[in-house]
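Please find below my notes on the model you sent. They are set out as numbered points.

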Amino acid sequence: MIIQSIKMAWEAITSNKLRSFLTMLGIIIGVIALVVLVSLVNGATGAVTSEITALGNDMVTVNIRDDKGSPIRLEDLDEISALDAVHQTAPSGSVNFVAKHGYSDATVSLYGTTPAYYDIQGLDLKYGRFLKTADIDNASYVAVLSYSTADELFGKSDVVGESLTIGGRSFLIVGVLEEDDSLFAAMLGGYSVYAPFTVESRMADEPYVTSIAVSPAGDTDNTEAQVSDFMLARLHQDEDAFHIVNMSSISDAMSTVTGTLSLLLGGIAAISLLVGGIGIMNIMLVSVTERTKEIGIRKAIGAGKKSIMMQFLIEALMVSLMGCLLGLVFSWMILALVSAIAKTISFSMSLGVVVLAVGFASAIGLIFGLYPANKAANKHPIDALRYEG
Amino acid sequence: MTAGKPIITMTDVTKVYTVGGEEVRALDGASLVIREGEFVSILGPSGSGKSTLMNIIGCLDVADSGEYILDGQSIEQYSEEELARIRNKKIGFVFQNFNLLSRMSALSNVELPLIYQRVHLGERRERAARALERVGLKDRSNHKPTELSGGQQQRVAIARALATDPAILLADEPTGNLDSKTGEDILALFRELHDAGDTIVLITHNEEIARQAQRRIHIMDGRVSEVES
Ligand SMILES: Nc1ncnc2c1ncn2[C@@H]1O[C@H](COP(=O)(O)OP(=O)(O)OP(=O)(O)O)[C@@H](O)[C@H]1O
Ligand SMILES: [Mg+2]
């Protein structure tokens, strides 16, 4: 009987293709809205989250605004490193200069730091080496270039052993980092050069450490608390004298925002699916009236209430599910297109969202099909037979 | 022809419609017996209660009072679902305006009552094809009703009525929408089916057509009486 009902529903749907398609359109658009919006948010969230992780998810940074007469020297960082919840500590002074090589020049951010910075930031070398303790101690004019900096100034990446001038000083290039094709690098778009803290601080005329990068040992929140206590003790309990940023709390906040966003967009999409459902109900009601005679004939030759009910319910369900299927196909195409355009982010349809769409569409087909189907099933055979439409 | 067992036994059946506070006695104490293998015509002028009688015989409606026994089964205040099942098994309707489903082929139309009997595909096809063969439309199985003449459509409707081997064939003005020549062909088909043993009830307002039957029952203002031939 179910197979027969499906066959009948299929015949009814295909007998008026345009109308069936227009009825489905509400569901198609609803499903596209649901799947595309949720997938876009998920894709973007995934991309941003992985960027944050790449940036040093487990990193805590401290910026000192006012040293209260007890500035932090490079040696003092050992005190922070000695805290239980701290793994490594590195200064990260920065200053902008024009860097030159031959006829090419570029404004670069010169970061003054120590070897520990490499691990804290999770950097990757392509050529040469990173800064060494000896470089810091001797205040050597050596530099590690980001891939894009090397490319901009030299037109190539393997430039270890060459030299360049930064702010009028000559530096020996000892290393080049891996190319960073992440979204953040693209967004920030700057050229970075890493040099010994001792060199950078002299050039920036800022002998003290004003910015510190800390990698945690264990829980990041713990690290944040301990570093914060340390800074408070040092800076006369003035909370405004420094600013501490916990990268993992940024990504937590980020995921809360995107979670809310996908819920909101999903909600909007659900409303459009609901509107699609009302469209189905509307057309089904018209269809039931138009087919009153058919219902009468079927009842006269022996169709019971249940059979008629089943026939119309399956028809509504089928319209809804076909709309859902088409919507999924279109969504897939749209996501493929967006991914092709966005390049760096790939948006894919998760199984979860597909299941959600199919579940929602079925529920809508059933709920909005119920009333018309019931109306059809309850028609009196004599009245229905007499109906001339 | 020997008188078979009674298929229809109606005793004192009444059906009253109330329209605007006024009672219309569409059937007023109607009693009749129709036996297996009979070909009976029910004759009466417009408004005499013919369709009302057919609806009750055909279990599309139930009487307000009186007793109706169909094929040994007393039809009382059954639920719609049960009445549908009885119609499906025991009644074969033939309507004035054919009442075929225009979207479906002749064969599918004939199959329809068998679908509701949950007969499986193979047997269903076979029985539907046999019914179409009986009405001489074997070669039109795949035609849609719109591709058939009026007479052919009525034959398909008769085949649909025959497909389930019903206890009676119930025809309400089956020739009303046909020209006289085609109408005669259909009546000839009914006689043929009667000769083959089917029980037929033919409802008409036309004396001429009624005369084709073996037995005539007259209905007037909801009251039934036998006409001696
Ligand atoms: N649903 C109804 N509601 C009210 N009155 C009805 C209804 N159906 C039939 N009647 C009345 O019952 C009487 C018998 O009607 P019926 O349809 O049985 O006549 P008929 O013999 O079939 O006439 P015709 O040859 O014109 O079809 C008529 O007076 C009609 O007005
Ligand atoms: Mg009538």
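This is a predicted model: local features need pLDDT of at least 70, side-chain atom pairs count only at pLDDT 80 or more; totals for chains, interfaces and linings use all residues.

The points below take up chain A, then chain B, and then a residue of chain A that touches both chains.

1. Domains of chain A. Chain A is divided into domain 1, made of residues 2-52 + 252-386, and domain 2, made of residues 67-237. The C-alpha centres of the two domains of chain A are 56 Å apart.

2. Aromatic pairs. Over all chains, the structure has six aromatic pairs. In one of them, the ring centres of Tyr118(A) and Phe130(A) are 5.1 Å apart and the planes meet at 40 degrees, so the pair is classed as tilted. Tyr118(A) belongs to helix α4 (residues 116-121) of chain A, while Phe130(A) sits in the loop between β5 (125-128) and α5 (133-138) of chain A; the pair therefore ties together parts 12 residues apart in sequence.

3. Is Phe130(A) buried or exposed? Its relative accessibility is 7%, and because buried means under 20%, Phe130(A) counts as buried. Phe130(A) also pairs with Tyr194(A): the centres lie 6.0 Å apart with the planes at 50 degrees, so this pair too is tilted. Here the link is between distant parts of the chain, since Tyr194(A) is in strand β9 (residues 191-196) of chain A, 64 residues from Phe130(A). Tyr194(A) is buried, as is Phe130(A). Ring pairs join these residues into a cluster that consists of Tyr111(A), Tyr117(A), Tyr118(A), Phe130(A) and Tyr194(A).

4. A sheet in chain A. Four strands of chain A form an open sheet in the order β2-β10-β1-β11, with antiparallel pairing. The edges are β2 (86-91) and β11 (242-246) of chain A, each of which pairs on one side only. On average, and with direction ignored, neighbouring strands of this sheet are turned by 20 degrees against each other. Five bridges join β1 (residues 60-64) of chain A to β11(A) in the antiparallel sense. Ile64(A) has Phe242(A) as its bridge partner in β11(A). Helix α9 (residues 220-234) of chain A packs on the sheet and touches β1, β2, β10 (211-216) and β11 of chain A. The direction of α9(A) makes about 170 degrees with that of β11(A).

5. Helix α5 of chain B. This helix covers residues 150-162 of chain B; at 1.5 Å a residue its 13 residues should span 18 Å, and the end C-alpha atoms are 18 Å apart, which agrees. How many residues of α5(B) are buried? The count is 11 of the 13, so the helix is largely enclosed by the rest of the structure. Among the buried residues are Gln152(B), Gln153(B), Gln154(B) and Arg160(B), along with Val156(B), Ile158(B) and Leu162(B). The cover over these buried residues includes α11 (292-300) of chain A, and from chain B it includes β6 (91-94), α3 (106-116), α4 (121-134), β7 (168-172) and α6 (180-195).

6. Strand β6 of chain B. Ile91(B) and Phe93(B) point one way from β6(B), Gly92(B) and Val94(B) point the other way, and all are buried. β6(B) pairs with β7(B) in the parallel sense over four bridges. In β7(B), Ile168(B) is the bridge partner of Ile91(B).

7. Helix α1 of chain B. Seven of the eight residues of this helix (residues 50-57) are buried, so α1(B) is largely enclosed by the rest of the structure. Lys50(B), Thr52(B) and Asn55(B) are among the buried residues, as are Leu53(B) and Met54(B). Cys59(B) follows α1(B) and has a positive phi, near 60 degrees.

8. Positive phi at two aspartates. Asp71(B) has a phi near 50 degrees, a positive value in a residue other than glycine. Asp71(B) lies in the loop between β4 (65-70) and β5 (73-74) of chain B, and at 23% relative accessibility counts as partly exposed. Asp221(B), also not a glycine, has a positive phi of about 50 degrees; its place is the loop between β9 (215-220) and β10 (223-227) of chain B.

9. Lys293(A). This lysine is in helix α11 of chain A and is buried, with a relative accessible area of 17%. What does Lys293(A) touch, not counting residues up to four places away in sequence? The contacts are Ala384(A), Leu385(A), Tyr387(A) and Glu388(A) in chain A, and Asn97(B) and Asn99(B) in chain B.

Technical notes
Residues are numbered from 1 along each chain as its sequence is written. Chains are lettered from A and ligands numbered from 1 in the order in which they are written. Side-chain values use heavy atoms; hydrogens and water are left out. Rings of Phe, Tyr and Trp (its six-membered ring) pair if their centres lie within 6.5 Å; planes under 30 degrees apart count as stacked, over 60 as edge-to-face and the rest as tilted. Buried means under 20% relative accessible area, exposed over 50%, partly exposed in between (1.4 Å probe, protein chains only). Domain bounds come from an automatic or database domain assignment. Two strands pair if DSSP finds at least two bridges between them. Axes are lines fitted to C-alpha atoms, for helices over the stretch in contact, and angles run from 0 to 180 degrees between N-to-C directions. Contact means heavy atoms within 4.5 Å. The expected span of a helix is 1.5 Å times one less than its number of residues.
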